[in-house]
Amino acid sequence: MKFNLLAKDQDSKARAGTLTTDHGQIETPIFMPVGTVASVKGVHQRELKNDINPDIILGNTYHLYLRPQTPILEEAGGLHKFMNWDRNILTDSGGYQVYSLSANRKIKEEGVKFKSHIDGSYHVFTPENVMEIQRSIGADIIMAFDECTPYPCDYNYAKRSMHMTHRWLERCLEHLKKTPLKYDYSQTFFPIVQGSTYKDLRKESAEYIANVGAEGNAIGGLSVGEPAEEMYAMTDVVCEILPEDKPRYLMGVGTPINILENIALGVDMFDCVMPTRNARNGMLFTAHGTINIKNKKWENDFSPIDEMGITYVDFDYSKAYLRHLFTVNELLGKQIATIHNLGFYIWLVREARKQIVAGTFNSWKNKMVKQMDKRL
């Protein structure tokens, strides 16, 4: 993987770059649509590629391990071939999913024993087998196995957890050296900064992760319920320490406003289920605020879904029609809303990139944050 910084904003820490892997170029800042179980929910790969057009999507190690299981993925030739996606893929390590199974898992130094949410069967994730699973899945960018701490989190727990995440990282690195690639392209490994919302822990973790010298770095354990101000404060601390010449990935973030504020702090990569999950519940993101399409006010509004016309659905369908689809619980409504939201998120990060290159990012960001913080 190669990462080149092309431009920096004068009035913030925002940067524009390019990240190149064997599956092509990724222009940063970038948003990665979440394809949990080898699909971005409700979207054909053709629409994903031609209409939403992301450079990279995300797959989920925990879910893919359980279904379809790694032997099937290996037989298919890896996740790219299995799902017919010839661009970049990043896989998370399953640490967050294991965290979210709090009632059904036990964390020890060796790893995590957890119960499948599907059939209640027991499984174990260790730093070693998670590296093997990600080799089998075959993503271009793979993540270290970490423990994602909850919010709020006791200081001593956060400290112990952070040190365990660091020890797990060393085991990941050791095991990767012994685990050959399974397919005819390379994989890039990102370690993850932890430390909850404690500045000294975040600083210590960022320094530890920076010293590993990986090709890119991730910031985990945020967007788990903490106030946005705390998220920004922790991101700021970490971005000051993580090397400038490596991409920085803030995991699981967030709203369009969160994304712009974190770009301003020096983050390059984002993922979040929000655009797809909220779409399925009838919430649309636009440059002028959010729309709850289920509201009666849209019942006879025959204007386009979004005058900006970022994807084809914005002009093909009216707000009244989309509201009708949600009212009658027609699956097409969820698909239309999903394509709109993902198209908007990709537009947002691409526009941010243009503004960074033009030297106008900070004023544009401040204007956009005000505009988007409205309910329409």
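Exposed here means over 50% relative accessible area, buried means under 20%, and partly exposed lies in between (1.4 Å probe, protein chains only). The legends below describe a predicted model, in which local features need pLDDT of at least 70, side-chain atom pairs count only at pLDDT 80 or more, and totals for chains, interfaces and linings use all residues. Residues are numbered from 1 along each chain as its sequence is written, and side-chain values use heavy atoms, with hydrogens and water left out.

**View 1**
Lys 354 is exposed, at 54% relative accessible area. Lys 354 forms a salt bridge with Glu 351, and the closest N and O atoms are 3.8 Å apart. A salt bridge is a side-chain nitrogen of Lys or Arg within 4 Å of a carboxyl oxygen of Asp or Glu. Glu 351 is buried, with a relative accessible area of 15%. Both residues lie in helix H14 (residues 331-358), three residues apart, and are separated by about one helical turn. Helices (H or I, at least four residues) and strands (E, at least two) are DSSP runs, numbered from the N terminus.

The structure holds 16 salt bridges. One of them joins Glu 240 to Lys 13, with 2.9 Å between the closest N and O atoms. Glu 240 lies in helix H9 and Lys 13 in the loop between strand E1 (2-8) and strand E2 (15-21), so the pair ties together parts that are 227 residues apart in sequence. Glu 240 is exposed at 54% relative accessible area, while Lys 13 is partly exposed at 34%.
Another salt bridge links Lys 49 and Asp 86, whose closest N and O atoms are 2.9 Å apart. Lys 49 lies in helix H1 (residues 45-52) and Asp 86 in the loop between helix H4 (79-83) and strand E6 (88-92), so this pair ties together parts 37 residues apart in sequence. Both ends are partly exposed: Lys 49 at 29% and Asp 86 at 47%.

A pair of aromatic rings is described by the distance of the centres and the angle of the planes. Rings of Phe, Tyr and Trp (its six-membered ring) pair if their centres lie within 6.5 Å; planes under 30 degrees apart count as stacked, over 60 as edge-to-face and the rest as tilted. The structure holds 12 aromatic pairs. Among them, Tyr 65 and Phe 125 are edge-to-face, at 5.2 Å centre to centre and 65° between the planes. This pair links distant parts of the chain: Tyr 65 is in helix H2 (residues 61-66) and Phe 125 in strand E9 (residues 122-125), 60 residues apart. Phe 125 is buried, with a relative accessible area of 0%. Ring pairs link Tyr 62, Tyr 65, Phe 114, Phe 125, Phe 145 and Trp 168 into a cluster.

Two strands pair if DSSP finds at least two bridges between them. Five strands form an open sheet in the order E4-E15-E14-E13-E12, with parallel pairing. Strand E4 (30-32) and strand E12 (192-193) stand at the edges with a single partner strand each, so one side of each has no neighbour in the sheet. Strand E13 (residues 217-219) and strand E14 (residues 248-250) pair in the parallel sense over three bridges. Asn 217 has Arg 248 in E14 as its bridge partner. Helix H9 (residues 228-241) packs on the sheet and touches E12, E13 and E14; contact means heavy atoms within 4.5 Å. The direction of H9 makes about 160° with that of E13. Axes are lines fitted to C-alpha atoms, for helices over the stretch in contact, and angles run from 0 to 180 degrees between N-to-C directions.

**View 1. The E16-E17 hairpin.**
E16 and E17 form a hairpin with two residues between them. Strand E16 (residues 283-286) pairs with strand E17 (residues 289-292) in the antiparallel sense, over four bridges. Leu 284 stands opposite Ile 291 in E17.

Pro 68 is in the loop between H2 and helix H3 (70-76). A cis peptide bond joins Arg 67 and Pro 68, with omega about 10°. Gln 69 is not a glycine, yet has a positive phi of about 85°. Gln 69 is partly exposed, at 43%.
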